[in-house]
Structure formats: structure tokens, C-alpha cells
Amino acid sequence: MAEMSIHFSQTERDLAAGGVLTIDLAALRHNYSAISQRIAPTRAAAVVKADAYGLGASRVAPAFYEAGCRDFFVAHLGEAIALRPFLNPDATIYVLNGLQPGSEAACARENLLPVLNSLEQVENWARLAKAFDHKLPALLQIDTGMARLGLSAEELDRIVDEPSLLDGIDIKFIISHLASGDEPENPANAAQLAAMTSALARLPKLPVAFSNSGGCFLEKSYYFDLARPGVALYGVGPVLKDGSENPIRPVLTLSARVIQVRNVDKGAAIGYGGTFIASQPMRIATIAAGYADGWFRSLSNKGSAYFGDTRLPIVGRVSMDSITLDVTALPEGTLQLGSLVELIGPHQRLEDVARDCDTIPYEILTSLGNRYARVYIDSSSASQQS
Ligand SMILES: *Cc1c(COP(=O)(O)O)cnc(C)c1O
């Protein structure tokens, strides 16, 4: 827990938490470099919204900076303000969700670049530029078929007819976002690319930022000038059909501590609601992670943990702070108070956990919360830092 005072040793910190989340800064740098090389000469930004997908933006963003990244995307202005002190002044931070009316001056003062997602936001930004009597930088987003954020077709028409609407705005990139970039076969990708290309033909020639992680693994025509990978940087690689090797490395491991082991008789009810009844004498281990730690309740009687190569099925419901595991397969005494079991690691990848609870790795990552002891390692130098 990052906020614990410096009077605690790393060991004490680890033991005070229910589990240990280990984040490999070298793997983060590797993934950034791998994507950069793949899409070069297109530049790669890093999307570090939601506290760098739950992994800690104040540690993760500087790692990407070290690997050469100078463009950082967050969702909210508040996230951008919080991140600014952790990056050198030559790094640019962009606010994807745009600005609420009244927050433009704060954004400009902090040297942050908003994404302008509507005509109203364009007008508000232009008004501030006029008041300042100098140009203000921003990105302009066009909706190309996701209907989430960005100028509508009608708003684009207005800007094409009346280019003076953009007076005072120094547009650094025109951007759009793929709805199905992670599905290479989906025809929606080509449709969005075509919509983008025809919109760009109607606007002044400016740099373009288009692809998310998925787009970085489509053809070159999707790359343009700047790409915005997120999840791939955090270790979730693409499904490559062409047989080429996935260049993305896992970034995190997660383990949780055993807080109790017991033998139960046949017929014992386990956990809330008694949803699991022992069909034979069993050994049950309770571990200190639950749905408040991103271990979704939908994993009740479904997911698993590992100890070495042994799969330990979750039995009973996932509680807020704990999970019960069937550890009968392990010899008695193998698991003890304080033993660590693997939740995410070489035997059970983030993708496997997401599949087990019918969600996507993004949701697992951003739900991990801040109760685990976090250990940032740098596998290239094998030195541990807290
Ligand atoms: C979240 C987000 C990204 C990053 O998406 P990934 O799928 O994680 O690569 C890029 N662009 C926008 C606009 C986003 O909202």
C-alpha cells in the first residue's frame, strides 16, 4: 500500500496486505518499444487513464517516458493534473474525455491538451484563446462510427463550411477511435478507416492519431502519425492470425495469502449462501483477496488459483475480502498461514481470469484496487523497488 509510511519495511508492507501485486517496469518498457518498432515511423503514445489501467500511473508513465514515450493520454482533466508532476515538461498529456464548461482555464494553465469532442467544446476553447489573445493547442476528435465521442457528421459539416470556428485553436492532431480494433476480421474497421479518410480530405492537412492497441496490429494504413495503445502496453497482446510471434510480454503477477486452512467433512456448506456442499471430506484454504480486490463474485464456484502447478478451484461464493479454495489436491501442510497462492502469473494469465468471469482483461486490471502490496520490479536489473 503506497500510502503506508516509510517506517514500515517492504516485508512488513507485504505482510500487512492480503496479497502482492508485482509490476515489471522492464516489461512495460519492452512492450512500449515493441509497439513503437512495429508501427514506426508512426509515433506511439501511451494511454495511462484509470491510473494506468490500475497499475499506478505515477510509476508506469515514467517507465514509458524512459522508453521514449512523450505523449500520454488520460480520460479526465483531474487525471492529467495528477499525472503532470511525474513527467518531464517535454511530455504532453492529453485529456480524452474533453472539458466541462468552466474547466478550460485550468486545463490551459496546467499545460494540458484537451480533446475537443463537440462543436460546443471547440467554441469554448476558441473563446478562451481569444481571451488570452494567443493560440491554444488541442486535439479534434471526429466520430467515425462509434457514436461515443467526437464531432458528428453535422458538426463536421459546420466546421468545413465555417473554418473560422477553429480560429485560435492550434490543432495538433485530428483523432478518432476504433470500436472493433481488436477484431481484425471485423469490416467495421475498414468502414471507420474510410470514414476517417473522407473526413480528413475535407479538413486542413494536419497530423492524425487513430489506432488503439488493436489498430497497432492491423495494416499500416491504420497507423497515421500517432497511435494510442493502452492495454497492449499492459501485457494483453493481440490474437495474431498470421502466425507471427506475439511481441507483448506479461507485466504483472498477483498472489494472495492463505489466512486459514481447515479440513471439512462430507456435507459441509462452504461460504455465503452455502452454494457449495462438500461431496467428500475436503481441505479448504481461505485466501485474503475478494471482490473488493477485483476478484469478481462471478468467479464463485468457477475460477481458480494455483500453487505451483496445482490448480486450486474456487469453492463457494467469493466474499468481499476472501475466497475459499479446494486444496485437497495438495498434501496436508503444504499451505500454511501466510503461504502465497498464484492468482495471476505463469499458470493463470490475466486473459484466463477475464474469460472465467465473462469479462475483458481491462475490467480485471482496473478493478484490482489498492489493497494489495505493490512491488515494482525492473527485471532487466533484477533490482526491487517499492
Ligand atoms: C482507452 C482508449 C485507448 C486505448 O485503448 P486500448 O484498447 O487499451 O489500446 C485509445 N484511445 C481512446 C480514445 C481510448 O478511449
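What follows covers salt bridges and the exposure of their partners.

Modeller: This is a predicted model, in which local features need pLDDT of at least 70, side-chain atom pairs count only at pLDDT 80 or more, and totals for chains, interfaces and linings use all residues. Residues are numbered from 1 along each chain as its sequence is written, and side-chain values use heavy atoms, leaving out hydrogens and water.

Biologist: Why is the pair Glu66 and Arg29 called a salt bridge?

Modeller: The definition asks for a side-chain nitrogen of Lys or Arg within 4 Å of a carboxyl oxygen of Asp or Glu. The closest N and O atoms of Glu66 and Arg29 are 3.9 Å apart, so the pair qualifies. It links distant parts of the chain: Glu66 lies in helix α4 (residues 57-66) and Arg29 in helix α2 (residues 25-39), 37 residues apart. Helices here are DSSP runs (H or I, at least four residues), numbered from the N terminus.

Biologist: What makes Glu66 exposed or buried?

Modeller: Buried means under 20% relative accessible area, exposed over 50%, partly exposed in between (1.4 Å probe, protein chains only). Glu66 has 60%, so it counts as exposed. Arg29 has 16%, so it counts as buried.

Biologist: How do you know that Arg158 forms a salt bridge with Glu162?

Modeller: Their closest N and O atoms are 3.5 Å apart, so the pair passes the cut-off. Arg158, at 37%, is partly exposed. Glu162, at 36%, is partly exposed.

Biologist: What separates Arg355 and Asp352 along helix α10?

Modeller: About one helical turn, because they are three residues apart in helix α10 (residues 350-356). Arg355 is exposed at 51%, whereas Asp352 is buried at 16%.

Biologist: How many salt bridges does the rule give?

Modeller: The count is 14.

Technical notes: Helix = DSSP H or I, 4+ residues; strand = E, 2+ residues; numbered from the N terminus.
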